[in-house]
Amino acid sequence: MLNTENKVKSDYRSGWLWYAYDPDSCKILAFHIGKRNDSACKTLMKKLSHLQIDSYRTDDWKSYKKNIPPQKHIIAKAKTTHIERHNRDFRTHLKRLCRETVCFSKKDVCTMEL
């Protein structure tokens, strides 16, 4: 079980997308959009309370230490590679949606296969 957050920005406001990610099933178990503070972490933990989770793998952020039971909390940057890759792919996907140009191929072969 990985538990982390991803920053979401726009022109008029910014916030954090908090989510819990299961690397075995590659599924997002719960999410919360809010500030990067203790109450947002608590909200996500409440959403996960009905699940039976063996361990939480996070970085060394203070709010995780306050809200995750110590016996289930694993702090190691090496253990968060799945979620970091997921964050990178998510940011790349969002950037593609925001591009101002439309890229396409002029070759007939590409358009005919669609």
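Is Cys 26 buried or exposed? Cys 26 is exposed, at a relative accessible area of 54%. The legends below describe a predicted model, in which local features need pLDDT of at least 70, side-chain atom pairs count only at pLDDT 80 or more, and totals for chains, interfaces and linings use all residues. Residues are numbered from 1 along each chain as its sequence is written, and side-chain values use heavy atoms, with hydrogens and water left out.

**View 1. Two cysteines, Cys 26 and Cys 41.** Cys 26 is exposed, whereas Cys 41 counts as buried at 1% relative accessibility. Buried means under 20% relative accessible area, exposed means over 50%, and partly exposed lies in between (1.4 Å probe, protein chains only). A disulfide is a covalent bond between the sulfur atoms of two cysteines. With a disulfide taken as a pair of cysteine sulfur atoms within 2.5 Å, the count is zero.

View 2. Rings of Phe, Tyr and Trp (its six-membered ring) pair if their centres lie within 6.5 Å; planes under 30 degrees apart count as stacked, over 60 as edge-to-face and the rest as tilted. The count by this rule is three aromatic pairs. One of them, Trp 18 with Trp 61, is tilted, with 5.6 Å centre to centre and 50° between the planes. Trp 18 lies in strand S2 (residues 14-22) and Trp 61 in the loop between strand S4 (56-58) and helix H2 (62-67), so this pair ties together parts 43 residues apart in sequence. Helices (H or I, at least four residues) and strands (E, at least two) are DSSP runs, numbered from the N terminus. Trp 18 and Trp 61 are both buried. The ring centres of Trp 18 and Tyr 64 are 6.2 Å apart and the planes stand at 80°, so that pair is edge-to-face. Tyr 64 belongs to helix H2, 46 residues from Trp 18. Tyr 64 is buried, with a relative accessible area of 0%.

**View 3. Arg 36 over two tryptophan rings.** A charge sits over a ring if NZ of Lys or CZ of Arg is within 6 Å of the ring centre and within 35 degrees of the ring normal. The charged end of Arg 36 is 4.2 Å from the ring centre of Trp 61. Arg 36 also lies over the face of Trp 16, at 5.1 Å from the ring centre.

**View 4. Ile 33 in strand S3.** Strand S3 covers residues 27-34 and includes Ile 33. Ile 33 is exposed, with a relative accessible area of 60%.
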